[in-house]
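Please keep the sequence and the three-dimensional view at hand while reading.

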Amino acid sequence: MDDQQLLRYSRHILLDEIDIDGQTRLLQGHALVIGAGGLGSPAAMYLASAGVGRITLVDHDTVDLTNLQRQIMHTTARVGQPKVESGRQALEQINPGVQVTALAERVEAERLRALVAQADVVLDCSDNFATRHAVNRACVAAGVPLVSGAAIRFDGQVSVFDPRQEASPCYACLFPPEREFEEVQCSTMGVFSPLVGIIGAMQAAEAIKLLAGIGRSLAGRLLILDAREMEWISITVGRDHQCPVCAQRHAHQA
C-alpha cells in the first residue's frame, strides 16, 4: 500500500482483526454483485469504500424514478441510464482506486458460471427466486461463497452459503428449487426504504469478513429482520444431505 492507501484505510488498519494483512486481502479481492438496486446499492458502496479491489456489477435494468426512494447508488440526474453505469459512476466517485466492471446484461448459464468462477465472493442482491437459484448453483459448482439478501415490505433476511465448508448449507437446502414460493415484487408490495440499506450493508459486512478472513460468517445461520418492531430472529440452518444442488459436491469432497 502507498501512503494514500494507508491513510484512506487507516481506520480498518487500526482494527487488530484486519490490520495491514486483512486490508491487503481486501485490495486484492474480487466481489461479484448481482443486482444494482435496493440491496446492491449499499452493498457495493460499502465494498468500494472498504477498498475491495475489483467489483463487478451485473444488472440489466435502467434507473427509474421509482427506484430513487431506496436505491441510493443512483441519482435523479441518472434516471434512464443503465443501473450498472450509474453504479460505476457512484463507486468511482467514492473510491477511484477500485476497479469497477459494469455489465448491463442478464447473465445466465455459462456466462454466469464464468463470472462466478472469477470472483472471490458473490453477493446476490437480486429480487427473484430464479436468479437466486441460478447464482447458488454457480457458486456451489465453483466453490465460491455466496452472501444472500432479500427485502420486501418491512421484512428482510440475510445469510451466507459457503460451499467450502462441509457443514454449510446452500441456498437450495433452505429454499428447495422444486418447491413453489410466492414471488413478491417491490413494485406491487412496496418496501420500507431503510430496510434495503440495513440488509445490503450486512451483505457487505459479511463479504468483507470473508475476503479479509476475519470473524465468523453467517454460514449455517439465517437472520430475519422485522423492521416494524426492529426485531431480529436468528435461525440455525443445516445442510440437506439430499439437496439436488450441493449434495453431489460434498460427496466428492468427502
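Does R88 count as buried, partly exposed or exposed, and what is its relative accessibility? At 25% relative accessibility, R88 belongs to the partly exposed residues. The model discussed here is a predicted one. The points below begin with the protein as a whole and then turn to particular residues.

**Overall form**

- The protein contains 11 helices and eight strands.
- The C-alpha trace spans about 50 × 45 × 40 Å along the principal axes of the protein.
- Buried residues account for 50% of the 254 residues.
- Of the contacts between residues at least 6 apart in sequence, 65% join residues at least 24 apart.
- The accessible surface amounts to about 12,100 Å², and carbon and sulfur atoms contribute 50% of it.

- The structure as a whole holds 10 salt bridges, and one of them joins E206 to K209.
- The closest N and O atoms of E206 and K209 are 2.8 Å apart.
- Both E206 and K209 lie in helix α10, which covers residues 193-212, and they are three residues apart, about one turn of the helix.
- E206 has a relative accessible area of 7%, which is under the 20% limit, so it counts as buried.

- Salt bridges that share partners join E85, R88 and E92 into one network.
- In the bridge between E85 and R88, the closest N and O atoms are 2.8 Å apart.
- In the bridge between R88 and E92, the corresponding distance is 3.1 Å.
- E85 and R88 lie in helix α5 (residues 83-94), three residues apart, about one turn of the helix.
- R88 and E92 are separated by about one helical turn, because they are four residues apart in helix α5.
- An α-helix has 3.6 residues a turn, so residues three or four places apart point the same way.
- E85 is partly exposed, with a relative accessible area of 26%, and E92 is partly exposed as well, at 32%.

**A nonpolar patch on the surface**

- M1, L6 and I20 form a nonpolar patch on the surface, and together they have about 220 Å² of accessible area.
- I20 belongs to helix α3, which covers residues 19-28.
- The relative accessible area of I20 is 34%, and this residue is therefore partly exposed.

Technical notes:
Residues are numbered from 1 along each chain as its sequence is written. This is a predicted model: local features need pLDDT of at least 70, side-chain atom pairs count only at pLDDT 80 or more; totals for chains, interfaces and linings use all residues. Side-chain values use heavy atoms; hydrogens and water are left out. Patches are made of residues with over 30% relative accessible area and no salt bridge: like charges are joined within 9 Å, nonpolar side chains (Val, Leu, Ile, Met, Phe, Trp, Tyr) within 5 Å. Accessible areas come from the Shrake-Rupley method with a 1.4 Å probe; for residues, only the protein chains shown count as cover. A salt bridge is a side-chain nitrogen of Lys or Arg within 4 Å of a carboxyl oxygen of Asp or Glu. Helices (H or I, at least four residues) and strands (E, at least two) are DSSP runs, numbered from the N terminus. Buried means under 20% relative accessible area, exposed over 50%, partly exposed in between (1.4 Å probe, protein chains only). Contact means heavy atoms within 4.5 Å.
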